[in-house]
Amino acid sequence: MTPHDFPDSRDFPDASNSPDFSDFPRYLAAKRTVDDRALNRPVWQAFRDCLPAHRPLRVLEVGGGIGTMVERLAAWGLTNAPVHYTLLDADPANIAAAQERLAAPPSPFRVECVAADMLTFATSQPPDAPRWDALIAHAVLDLVDLHRALPPLLALLRPGGCFWFTLNFDGDTIFAPEIAPAYEDHLMARYHRTMDERRVNGQPAGSSRTGRRLLTLLPRLGAEILAAGASDWVVFPRHGAYPGDEAYFLHFIVATVQRALQEDPAVDAQRLAAWAAQRHTQIRAGELVYIAHQLDIAGRT
Ligand SMILES: C[S@@+](CC[C@H](N)C(=O)[O-])C[C@H]1O[C@@H](n2cnc3c(N)ncnc32)[C@H](O)[C@@H]1O
C-alpha cells in the first residue's frame with residue numbers, strides 16, 4: 001500500500017463521531033500494566049540498591065498522576081523501612097484521584113499529596129527545608145524543559161540522594177501492522193515535532209529526545225548515572241484481546257496523536273481522521289501493535 005492508497009475519511013463514516021477517548025485518569029490506570037512490563041529491571045535494581053537500607057525514607061515523586069507508582073513500589077518491594085512519600089502533580093484532578101486511590105496506602109507508605117508545578121515547588125523550598133532521599137519522575141520529564149527543571153529538581157535531593165527517571169520518551173513511535181508507512185512516518189515526524197514545540201506559559205516544555213538528552217545532561221550537572229536502559233512500551237494482543245484495560249490505553253494514544261495533529265497545516269485533517277479510524281478499528285479487532293521507545297535512568301547526586 002502506498003500513501004496514496006491510504007483510505008480517506010469516506011471509508012470511515014464513524015470517524016467524526018467516534019468516542020473522544022479523553023479520560024486521562026482512566027488512561028493512567030490502564031497504563032499501569034503497560035508500564036509494569038516496560039520498566040527496565042536492571043535500572044530498577046540499581047535504584048533500589050542506591051537507597052539507604054533500614055532507615056525511614058523520604059521519597060518525592062514529581063508528575064505522579066493518580067498514584068499508581070506507589071502501588072507498584074509496594075508490590076515490587078522498594079523497602080521494608082517506613083516511607084514518607086510526597087506525590088506531586090500539577091493537575092489538581094489527578095491529585096484528587098490519587099488521594100482517593102491511596103486513601104489507605106499500602107504498607108510501609110505514608111503518602112502526602114501536593115498539587116503544584118514541579119518547578120515552582122522545587123524553586124520555592126526554603127534553604128533549610130529537609131531534603132529527599134529519593135526522587136522519582138515517571139513518564140513526565142519529556143513534558144518539561146530539562147535545562148530549567150533538572151538543576152532545581154536535583155537540588156531537592158540530599159548529597160548522595162538517588163533518582164529514578166523512567167519512561168523518558170526517545171524519538172520513536174511505531175504502529176503495526178504497517179499501513180501506508182511513508183504517510184505514517186510523516187504523521188509521526190509531525191507528532192514528535194509537537195512534543196518539541198510544546199509550550200507551557202510561553203516557555204518550552206518537552207522534547208521527543210528526552211531519553212538521550214538526560215544521558216548527556218545529568219553528568220554535566222554533576223549527577224552520577226548508575227544504570228540506564230530501554231523501557232519501551234510494547235502493547236500487543238493475546239488471542240485477539242489486550243490484557244487489562246490496555247485497549248483503552250491504545251485508543252487514548254491514537255486519539256492523542258490525532259488531537260496533537262488536527263491543527264497542523266502540514267497534516268490533512270480528513271486523512272488524519274481516516275488514519276485514526278483505521279487504527280481504532282484495529283484495536284477493536286485486537287490487531288493493533290504499538291511500540292514507543294523510552295529510556296530509564298537511575299543515579300545519584
Ligand atoms: C504522562 S502523565 C504520567 C503520570 C504518572 N507518572 C503515571 O505514569 O501514571 C504526566 C503527569 O505529569 C504531570 N505534569 C506535567 N507537567 C508537570 C509539571 N510541570 N509539574 C508537575 N506535574 C506535571 C501531569 O499533570 C500528568 O499527571
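Reader: Is N80 buried or exposed, and how do you know?

Author: This is a predicted model, in which local features need pLDDT of at least 70, side-chain atom pairs count only at pLDDT 80 or more, and totals for chains, interfaces and linings use all residues. Residues are numbered from 1 along each chain as its sequence is written. A residue is buried if 20 or more other C-beta atoms, placed from the backbone, lie within 10 Å of its own, exposed if 12 or fewer, and partly exposed in between. N80 has 10 other C-beta atoms within 10 Å, so N80 is exposed. N80 lies in the loop between α3 (68–76) and β2, where helices (H or I, at least four residues) and strands (E, at least two) are DSSP runs, numbered from the N terminus.

Reader: Why is A139 called buried?

Author: A139 counts as buried because 22 C-beta neighbours fall inside 10 Å, and the cut-off is 20 or more. A139 is placed in the loop between β4 (132–138) and α6 (146–154), and has a positive phi of about 60° although it is not a glycine.

Reader: How do you know which residues of helix α4 line one face?

Author: The buried residues of α4 (residues 92–101) are N94, I95, A97, A98 and R101. Seen down the axis of α4, these buried residues fall within an arc of 160° (the arc of the directions from the helix axis to the C-beta atoms), so they line one face of the helix. P92, A93 and E100, on the other side of α4, are exposed. The cover over the buried residues of α4 includes α1, β2 (83–89) and β3 (109–115).

Reader: What touches L250?

Author: Leaving aside residues up to four places away in sequence, L250 touches V235, Y242, I283, L288 and Y290, two residues being in contact if their C-beta atoms, placed from the backbone, lie within 7 Å.

Reader: Which peptide bond involving P108 is cis?

Author: The bond that joins S107 and P108 is cis, with omega about 5°, and P108 sits in the loop between α4 and β3.
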